[in-house]
Amino acid sequence: MTRKTIGTIAAAMALAAAVRAAPQTPPQAPPAFRGSTDLVEVDVVVQDRNGAFVSDLALEDFDVQEEGRPQQIQQLYLHVTDTPNRPVGRTLSGQANRPSMGGESSSQTDRRLFVVVFDDAHMTPSGFKRTQDAATTLFSRQFHDGDVGGIVMSGRMVNNRLTSDREELLKALRNAKPNMKSNARLFEERAWPRMSEIEAVRIVFNSDSTVLDEAVRRACADDRDQCRVATEEVQSKAQRLANAGRAESAQTLQILKTLMDGLAKIEGRKTVLLMSEGFVAEEAWPQVQDAVSLAARANARIYTLDARGLDRGMSDRLGGANPGVD
């Protein structure tokens, strides 16, 4: 069977890596060695060349690697929609009931949990308004009886809890306010000498002389009278922006990691939607990997919504896909 092209979310593939105990030579009174299994679930959508959903999948159609090492795939679980309001899982045998994972009850596995995280440190007021409207649409139209939701704003869970109360979630969204500090950062980027946070990071942390030369050239073109000090001013501003950007990126990733720690205590599958205009993760890549690992252990999927404009589409910066509702 040929391999299918993997797209974005609709089919869920459960991957299980079995950790086996090393064989032991039994003594007179052999101790008991117990093996354990770590279950890591990965969501994918498989589409053909025409964009149609492909459902005739088998384990051998997938090749999963972690840091270049092939991983064994032990389970494949297909999600299809039986009714508009309720997802139905189908195993490879096609039986229309969900398999029990880790002793979960049917109600636990059917329950959907959504958490919307506003990365307000990386959103302008206009971007905040776009994502605020998108979150309102989610909880107004896609949030059904029995679902659980939460909203993270300024690094904390609104009302300090998850809830099934739709009106409580919508009220929290209506009362949400943008972080004006991000607007100030945008003004600073546009002030002389102009440069973006990405340029600043490359100048400071990557020692990129090409980016430095371009920033200096731009500064001289913008203000010829200041050209004699352009190099020093560009380097100074780059240091300032890069340090601030690194701190803000680390803060966003720490918020995600703390959230994943909390979600790990709750059984079932979770969807986390990160609302952001994007942040530079080059200097925080180990924290990105930590956040992804914690999400896998918490059985959570992290998706991002580009706050710069919904027409840009969904982007996945942390290993997820288009944030769909199954």
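How are helix 5 and helix 6 oriented to each other?

1. Helix 5 and helix 6 are oblique to each other, a word used when the angle is neither under 35 degrees (roughly parallel), nor over 145 (roughly antiparallel), nor 65 to 115 (roughly perpendicular). Their axes, which are lines fitted to C-alpha atoms over the stretch in contact, with angles running from 0 to 180 degrees between N-to-C directions, come within 9 Å and cross at roughly 125°. Helices here are DSSP runs of H or I with at least four residues, and strands are E runs of at least two, numbered from the N terminus.

2. This is a predicted model, in which local features need pLDDT of at least 70 and side-chain atom pairs count only at pLDDT 80 or more, while totals for chains, interfaces and linings use all residues. Residues are numbered from 1 along each chain as its sequence is written, and side-chain values use heavy atoms, with hydrogens and water left out.

3. Where the two helices are in contact (heavy atoms within 4.5 Å), Glu199, Arg202 and Ile203 of helix 5 meet Val211, Leu212, Ala215 and Arg218 of helix 6.

4. Helix 6 has 14 residues and reaches 20 Å from its first C-alpha to its last, close to the expected 20 Å, the expected span being 1.5 Å times one less than the number of residues.
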